[in-house]
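I opened this notebook to record what I looked up in the structure below. The entries begin with the core and then turn to the strands.

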Amino acid sequence: QVQLEESGGGLVQPGGSLRLSCVSSGSKYRFDTMGWYRQAPGSQRELVASISAGGIPDYADSVKGRFTISRHSTKNTVYLQMNNLKPGDTATFYCYARHWLQCRNDCWGQGTQVTVSS
C-alpha cells in the first residue's frame, strides 16, 4: 500500500515562508510526476506545482517566483518552499504522485492546512 503524508503547514503572516514536505511509505518504485494541489473553501482545486521524474518543475502563474518545488534524488519525497506568502494562498494543500502501477488513479495525501493571515 502506498501512502503520502504532508507536513509543514500552519499559520503564517503575509510575507512569511513555509516549507511543505510530502513523504511516501509503501512504494517500491520511483514515482513519475509528483506535485501539489491546493483548494480553498468554495474554490476550485488548483494545481500549484509539479515536478517530473527528471526534476523539471512547472508552476501555476499565481505562484511563479514565490514557490519552489523540489524532490529527493532517490526517495519518493517532494517539497514545496513557499516564500512571500499572501492571504490568497490560504488553502488546504494536497500532495499527489503519478505512477502507472503504484497509483492507478494517482496517489494522494490527506492534506495540510496553510493559513496566511495577520
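**Entry 1: the core.** I looked up the largest nonpolar core, which has 28 residues; among them, Trp36, Phe67, Ile69, Val78, Leu80, Met82 and Phe93 touch the most other members. I took such a core as a set of buried Ala, Val, Leu, Ile, Met, Phe, Trp, Tyr and Cys residues joined through side-chain atoms within 4.5 Å. Buried stands for under 20% relative accessible area, exposed for over 50%, and partly exposed for values in between (1.4 Å probe, protein chains only). Two or more residues each come from β3, β4 (34–39), β5 (46–51), β7, β8, β9 (91–99), β10 (103–108) and β11 (112–116). I noted that β9 gives the most, with four residues. In soluble globular proteins, nonpolar side chains tend to be buried together.

**Entry 2: basis of the values.** I am working with a predicted model, in which local features need pLDDT of at least 70 and side-chain atom pairs count only at pLDDT 80 or more, while totals for chains, interfaces and linings use all residues. Residues are numbered from 1 along each chain as its sequence is written, and side-chain values use heavy atoms, with hydrogens and water left out.

**Entry 3: Leucine 80.** Contact here means heavy atoms within 4.5 Å. Setting aside residues up to four places away in sequence, I listed Leu18, Arg19, Leu20, Trp36, Val48, Ala49, Phe67, Thr68, Ile69 and Phe93 as touching leucine 80.

**Entry 4: the open sheet.** Strands are DSSP runs (E, at least two residues), numbered from the N terminus, and two of them pair if DSSP finds at least two bridges between them. I found four strands in an open sheet with antiparallel pairing, in the order β1-β3-β8-β7. β1 (3–7) and β7 (67–71) are at the edges with a single partner strand each, so one side of each has no neighbour in the sheet.

**Entry 5: the partners of β8.** Five bridges pair β7 with β8 (residues 77–82) in the antiparallel sense, and a hairpin of five residues joins the two. β3 (residues 18–25) runs antiparallel to β8, joined by six bridges. Which residue of β8 is the bridge partner of arginine 71? I found valine 78, and valine 78 is also the bridge partner of cysteine 22.

**Entry 6: Serine 50.** Serine 50 lies in β5. Is serine 50 buried or exposed? I recorded serine 50 as buried, with a relative accessible area of 12%.
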